[in-house]
Amino acid sequence: MRQRPLSAIVRQMLYGGTALLLCAPLPVLADQAAAPAQNATPAKSKSDADKAKQLGAVTVTAQSRAQEVQDVPIALQIVSAKQVDTLAATDISKIDIFVPGLVVGATQPTQPSFELRGVQSSGNFGMGVDQPVGVYVDGVYAGSTGGTLLAFNDLKRIEVLKGPQGTLFGRNAAGGAISIVTNEPSDHFEASGKLRFGNYGERYGDALVNLPLNQDMALRVSVMDNQSDGWVKDAATGKHYGVNDDWGTRAVFRWNLTPDTRVLLSWDHEQLKQPPHPAFGLVPLSNDTNQRAPFPADPTTFLNPLHTPLYNDAVNAIEKRRFDGSTLTIDHSFGWGNLTSTTAWRNFDTVNLGDYDGTNHIVDYLETGNYEHNNSWYQEFKLSGNTDLIDWVAGTSWYSEQGRQTSEAGVTTDSLDTLAQNVMGVGTPLTDISNGLAAMGLPYTLLGDMWRERIMNDENYKSWAVYGDVIWHLNDRLNLTTGVRFTHDQKSFSWYNPPRDAPQFDATVLALNNAGITALLPPEAQYALAAFGQNVIFTQGTGSPVGVLVNANRSWTDVSPRAVLDYKFTPNIMGYVSVAKGYQAGGFGFQQFNSTYAPETVWNYEAGIKTVFPDQNLLLNGSVYHYRYLNQQSLILFTDTTIPHYGISSSNEQATGAELELQWQPIEALQIGFNAAYIDQTYLNTVQNGIDVSNQPTGTPKYSYTAHASYTWHDVANGDVSFNWTYGYRSSTRCNSGSQQQGTCQMSPNFSVGTAQNRTDVRLGWDAAHDRWGVALFASNLFNHRYVYGVDNTAGQVFGTPYANIMPPRTWGMELHARW
């Protein structure tokens, strides 16, 4: 078979796109397996070329049925694999600023957060609370946060669905859904590979091979590896931080068992192992590591974290994850419809142990660790079909999750003395005793020892649901969509606070007792030793009895409806109005013993329009919405107790917003796009940390937008040259009365927090004829704009040593890719 000319491929890619957020155009219909160029037809007919120029000719499965994106009455945005490659992105957090309304917090990849239209994950780094923004991979719910932010591997597209999605997925998505779709095995041989080299020692590679085994079977295997040397060093030890060390593999087997039955079996594996996030200390300190920071901290003296050296001293600091998952999908076509069975298993183990004081001073030492094991099973049966009157989907799903989590706080006996002085107001008893023993010439010291306390949680969740969604074709132009979901959640949870772990300290105290020295100490010293014989961190405010197992069991039931009315004014102009309820099960606070939280519910009201003007090669979409969200669960730092602690706080919120999408191709070689989002989100009847924040902004930025342009020069050195430019903007965080406690707004005159952000990415590439190979140069954050993401006050409230998370610097590199 003849090979299709590259110019035809480029034209199809340039004119086949729609709903584009970034620079690169979308590929051909997204419900077809991508085939290599050498297997395509030799040339395009005039009718094919005309069809390719119709913006909107991209098929998605956002409503659990194949539809062209412009026919879907939902505000959704598509990110294609080509767009991801253009930006050299390795996971969704690398492109969130180019998706207005989406924010992915990935400072710690094993503990990410997701926000969509201002509805955000609780930030709960582990078990206890569900997430309102659902992440799905090939229709399977990704579950807990530790396994949601995985590296891209053989990606096909990403569908970002905004607003509640309760009747379309096997699990609820109260605030919206991020649906990641991967490639399936095709009937054609395919092989490809990619290498990237960049600054900070960046080394990235991926490869895939698609093997047709016979006329009914095919196997597709892909691998990826992402490594770098890190973008910052510890000023004292030289240890690298900001390192990438992540690799994964994916294998998919397809068997057409009968002409009407297809079987897909996939396996995913990923391993991440790298230093934890760098914590940039804000307090100026001397080189004497035994000098305590001034307390309370004075924001007027804070250092600018963008220009301060890094000092992190957490012992055995690391962030790692091992993930395995397998999915079995069986599709069978009947004369009246289709049945799909999806069975999935997911398993991951994560460790996140890092510095939380931003110094290398032993007297201010604080580390925190999160250790998690998670195992989940998912089963869904989905029936779908269509007649002249209706398109319908009905399904039932079952989800089971078991997990174990250990939350750890580690200090030294030196920093324990600092805590005693700053928080308890009892001076520095361990230092005083050690100095007294030294003065008497006794070879004992109570300093320099590790002290760790833990809270251990076990979970067992089960959820089942039945749901249905029907599109009623009232006439040739008018459709009514009705859907409903019934959900039952059953959760059991336990807390256990074991006695603190301080073996060296206990050995020294025992030695003092056995030698009769303790009895010779002053009464206040004896009292201090007795007091430090028990937990001092996980005791106050958490209601955490030491050595006692506490269990809780709860269940919740919900009915969530959806109704949409859409009307085709012309074949290329569609308007819609919708109302939908979203629901998220209640949960538990992992550090707050016996704490239970009510379910989250949201009612979303929306109107939108989707238009295509083929003669002008123009697409224009828009939507407006209003929602009220009750009992949204958020992880905050509570400061209403002697020792601050993290816990879940519930809030009521409302928001009004609007979104706009424009795509225009004025000439064959040029594509221009613009996407924007506006949201005004405020609290309703909410008190946090004793502060009434009702009617105040929640913090969500009001504006975000992205603009992109791409241009292609054909027949350059027997190939094509393309240039892509992408710009993203997000306005400043909106502050409220409690923002400073949470470190999300301005707190020091020496640097800014929560300011407006912008980023520019560019790519210049050349692709040989027939797309056999190519080379490109790329840059992310071209102008090296740096921002302070936020200030962590965990140690600030105890040791006077808050730290900041900052944005990584500009990265750039070269890419080589080939396809066979």
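So, helix α4: Thr-413, Asp-414, Ser-415, Leu-416, Asp-417, Thr-418, Leu-419, Ala-420, Asn-422 and Val-423 are its buried residues. Buried here means under 20% relative accessible area, exposed is over 50%, and partly exposed lies in between, with a 1.4 Å probe and protein chains only. That is 10 of the 12 residues in 413-424, so the helix is largely enclosed by the rest of the structure. Helices (H or I, at least four residues) and strands (E, at least two) are DSSP runs, numbered from the N terminus.

Quick caveat: this is a predicted model, where local features need pLDDT of at least 70 and side-chain atom pairs count only at pLDDT 80 or more, while totals for chains, interfaces and linings use all residues. Residues are numbered from 1 along each chain as its sequence is written, and side-chain values use heavy atoms, with hydrogens and water left out.

Back to α4. Its buried residues pack against β22 (390-412), α5 (429-439), β23 (450-473) and α6 (503-514), contact being heavy atoms within 4.5 Å.

Now the largest nonpolar core, which has 43 residues; Leu-446, Trp-451, Phe-505, Leu-529 and Phe-532 have the most contacts inside it. By nonpolar core I mean a set of buried Ala, Val, Leu, Ile, Met, Phe, Trp, Tyr and Cys residues joined through side-chain atoms within 4.5 Å. And which element gives the largest share of this core? Our helix α4, with four residues. Leaving out residues up to four places away in sequence, Phe-532 touches Leu-416 and Ala-420, among others. A second, separate core of 23 residues includes Val-84, Leu-87, Ala-89 and Val-135.

Next, a sheet. Five strands make an open, mixed sheet in the order β3-β9-β10-β7-β8; strands pair if DSSP finds at least two bridges between them. β3 (76-80) and β8 (140-141) are at the edges with a single partner strand each, so one side of each has no neighbour in the sheet. Further in, β7 (133-137) and β10 (176-182) run parallel over five bridges, and Gly-134 has Ala-177 as its bridge partner in β10.

Last, cysteines. Searching the whole structure turns up one disulfide, defined as a pair of cysteine sulfur atoms within 2.5 Å. Cys-735 and Cys-745 form it, with sulfurs 2.0 Å apart. The S-S torsion is about -110 degrees, so this disulfide is left-handed. Cys-735 is partly exposed at 41% relative accessible area, whereas Cys-745 is buried at 3%.
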